[in-house]
Amino acid sequence: MHGEYKVPGGKLVVVDLDVRDGVLRDVRVAGDFFLEPDEAIAAIDGALEGAPADTDASGLAARIDAALPPGTEMFGLTSEGVGVAVRRALAHATDWTDYDWQLVHEGPQSPALHMALDEVITAEVAAGHRPPTLRVWEWGAPAVVIGSFQSLRNEVDPAAAERHGIGVVRRISGGGAMFIEPGNTITYSLSVPDALVSGLSFADSYAYLDDWVLGALGEMGVKAWYQPLNDIATEAGKIAGAAQKRVVGSGGGAVLHHVTMAYDIDADKMLEVLRIGREKLSDKGTRSAKKRVDPLRRQTGLAREAVIERMIDSFRGRYGLTDGKISDRELARARELAAVKFGAPEWTARVP
């Protein structure tokens, strides 16, 4: 069995192993990390040898920590990362490069249609009818997008939203409200087979699926990192938030992982429209919502279109990416869902 895991902000960990009589055998850990002293690699292998095959990543990490020589230094490697790589090997997880990725980047569409396209495309991936897909959004109108379980009245000031011509839609994933203005926002979705995140905890899957965009931002001079559970942050402040939804289909399962990034922001308007409470701000360690987000325009000095182009180029350079499109059948289904579900008051106010 073979498992790989790119430690967030670190290096690649590769584990090859067998399972006999319910325990790990012939464990070999490798990768492009740095490790001192030299004998620590043998200690890691030895700690994993004979471990029950149902041990979780934390339990495997504890075995490794207990076996490491005094003074061990790990660079680009963590005990938990090795444990995750083992779990991915046992789960027969796939890798990014195992797939023929497709890019969908089409013209502006309504917020309700975007919500529907996420559901339709991810269901198509789950059914095996579509390859793993990176979809870059273009917004046809401003909007507030609330999480699947948020209270509509608690999140949005309806009078302010109406005054600014901003509609409200509810997505299928959890998480918090997003304030969208077309020229100020970069949004993308990854619709991927669940095998890609096999062996990862829910939290670890966020970091794993965000790793490529951290690299893309780094290439633009932005030092960014994953901040649990679902933020992408820099020293200047948060720049993006992610959300996920698991989907089961006839061909297996799929994961929707979508990210909204602040290219620019009208903070005063956002504060009028969103009801951001003191409790939410206090757990971020900041006094003002304006300080929570630091847009990419200021950090990169690039036009929005250039940021998107560089992100796409970075993904393509890592994993390959073929230009694609939404099929007529997918679009017809999405339009139907936009009308009867995502554009309907019953769905938007399902949590009043």
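Buried means under 20% relative accessible area, exposed means over 50%, and partly exposed sits in between (1.4 Å probe, protein chains only). The views below come from a predicted model, where local features need pLDDT of at least 70, side-chain atom pairs count only at pLDDT 80 or more, and totals for chains, interfaces and linings use all residues. Residues are numbered from 1 along each chain as its sequence is written, and side-chain values use heavy atoms, with hydrogens and water left out.

**View 1. Thr 55 sits in a loop between two helices.** The loop runs between helix H1 (40-48) and helix H2 (57-67); helices (H or I, at least four residues) and strands (E, at least two) are DSSP runs, numbered from the N terminus. With a relative accessible area of 15%, Thr 55 counts as buried. A polar atom of its side chain lies 2.8 Å from the backbone oxygen of Pro 52.

**View 2. Asp 118 and Arg 135 pair up through their side chains in a salt bridge.** The N to O distance here is 3.1 Å; a salt bridge is a side-chain nitrogen of Lys or Arg within 4 Å of a carboxyl oxygen of Asp or Glu. Asp 118 belongs to helix H4 (residues 111-126) and Arg 135 to strand E7 (residues 133-136), so the pair links distant parts of the chain, 17 residues apart. Asp 118 is buried at 2% relative accessible area, and Arg 135 is buried at 2% as well.

**View 3. Arg 297 meets Asp 264 in a salt bridge.** N to O, the side chains are 2.9 Å apart. Arg 297 is in helix H10 (residues 296-300), while Asp 264 is in the loop between strand E15 (252-262) and helix H8 (267-273), so the pair ties together parts 33 residues apart in sequence. Arg 297 is partly exposed, at 48% relative accessible area.

**View 4. Asp 323 and Arg 316 form another salt bridge.** This one comes in at 3.1 Å, N to O. Asp 323 is exposed at 58% relative accessibility, whereas Arg 316 is partly exposed at 30%.

View 5. For context, a search of the whole structure turns up 18 salt bridges.

**View 6. Glu 36, Asp 38, Glu 39 and Glu 73 make a negative surface patch.** Patches are made of residues with over 30% relative accessible area and no salt bridge, with like charges joined within 9 Å and nonpolar side chains (Val, Leu, Ile, Met, Phe, Trp, Tyr) within 5 Å. Glu 73 is in strand E5 (residues 73-75) and is partly exposed, at 42% relative accessibility.

Definitions and conventions:
Areas by Shrake-Rupley, 256 points an atom, 1.4 Å probe, with all protein chains shown as cover. Lys, Arg positive; Asp, Glu negative; His and termini not counted. Charge placed at Lys NZ, Arg CZ, Asp CG, Glu CD. Polar contact = N/O pair within 3.5 Å; in protein donor to acceptor, adjacent residues only side chain to side chain.
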